[in-house]
Amino acid sequence: MSWEDNVRKVVPYVPGEQPKVADKIKLNTNENPYPPSPKVGNVLKNFDANSLRLYPDPEAFKLTEAIASYYGVDNNKVFVGVGSDDVLAMCFLTFFASSKPILFPDITYSFYDVWAKVFNIPYKTIPLDDDFKISCDDYMQDNGGVIFPNPNAPTGRDMSLSDIEKIVKNNSNQVVIVDEAYVDFGAQSALGLTDKYDNLLVVQTFSKSRSMAGARIGFAIGSKKLISYLNDVKYSFNSYTLSPLSIELGKAAIEDDEYFKKTCSKLIATRENSVDRLKELGFSCIDSKSNFIFAKHKTCSARYIFESLKKKNIFVRYFDKPRIDNYLRITVGTDEQMDIFIKTLKTIVETEK
């Protein structure tokens, strides 16, 4: 008998590579290529460092109030955490305590199965269809809860609001979580359904559309009862999750709606232009409503392209997994970054012919 016999052993989530080279184009972790709102910069310039000697507000009231005001909900329908990963982990710990398996897609955010294993939650993956779409009818079986992203990752496909509502309505005895990390890039949010269904929780993040991945701010919106249960678990785990600085930064970001919408529009335009150019090079691209493109080439393998780009300090995401091992996930950068990327890509695929 060894102390190691009592260690919880899991295969951890593997985040996208964070290359240390200086001269690079980084299109592998779905970060926003544009800076946060100028109002965020103003907060940083004027922040009182002396306030860091004090514990932060455990309720993060300034931030939850700003989020509630922006989305037109009551403060007690908002929960905040250290990025949506923290929020989602709290959701798994709080709502998925059944002996029945939770359901999520087989091709999706790869943290879901990690959390399920860490928290000893039984789970069942539901295969996407041949077009990489989520079929809502597959989620009508007996379960202990449901979670899926909209748009999905890494495919970028979105679901209709009617299909989402069908899943929520037909799982009224379970909590349904919609992970909307990428929703601001063209998909329809399910936030409006939280007034109608008390078993629906919608999770979003400041990391993508608000250009604040480094600040680690995520939030959930749902019924007062759902949020109350989440807070009970949070205060049993870590009362002080968001720093005073993050609270102020998040408040500033969400209050600058004009900048937020302008940045999202720029990224969507760049995405659509990049898809057209990729198709000209022989790529097929799944219709994306996210800030990334999921694409494969008709003749060149994804691994070959991935490795060839990496040698030139251009980083995209490659998944060595069944069904998607010939696809690349390409984060949408600035127009200038995408121009360099596609010109380099053109050389790679033409050389391989």
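Reply: D131 counts as partly exposed, because its relative accessibility is 44% (buried means under 20% relative accessible area, exposed over 50%, and partly exposed in between, with a 1.4 Å probe and protein chains only). Do keep in mind that this is a predicted model, where local features need pLDDT of at least 70, side-chain atom pairs count only at pLDDT 80 or more, and totals for chains, interfaces and linings use all residues. Residues are numbered from 1 along each chain as its sequence is written, and side-chain values use heavy atoms, with hydrogens and water left out.

D131 sits in the loop between β4 (123-126) and β5 (146-149); helices (H or I, at least four residues) and strands (E, at least two) are DSSP runs numbered from the N terminus. Together with D129, D130 and D138, D131 forms a negative surface patch. Patch members have over 30% relative accessible area and no salt bridge, and like charges are joined within 9 Å. Asp and Glu count as negative, Lys and Arg as positive, while His and the chain ends are not counted.

R317 is buried yet has no salt bridge, and the nearest side chain of opposite charge, E17, is 8.1 Å away. A salt bridge here needs a side-chain nitrogen of Lys or Arg within 4 Å of a carboxyl oxygen of Asp or Glu. What the R317 side chain does reach is the backbone oxygen of V14, at 2.9 Å.

Two residues other than glycine with positive phi are also worth a look. N313, in the loop between α9 (302-311) and β11 (314-315), has phi near 60° and is partly exposed at 26% relative accessibility. R323, in the loop between β12 and β13 (328-331), has a phi of about 75° and is partly exposed, with a relative accessible area of 35%.

Finally, look at F260 in helix α8 (residues 257-280). F260 is buried, since its relative accessible area is 9%. F260 and S211 are 49 residues apart in sequence and 8.9 Å apart in space, C-alpha to C-alpha.

Note on methods
Patch = residues over 30% accessible without salt bridge, like charges linked within 9 Å, V, L, I, M, F, W, Y side chains within 5 Å. Areas by Shrake-Rupley, 256 points an atom, 1.4 Å probe, with all protein chains shown as cover. Charge placed at Lys NZ, Arg CZ, Asp CG, Glu CD. Polar contact = N/O pair within 3.5 Å; in protein donor to acceptor, adjacent residues only side chain to side chain.
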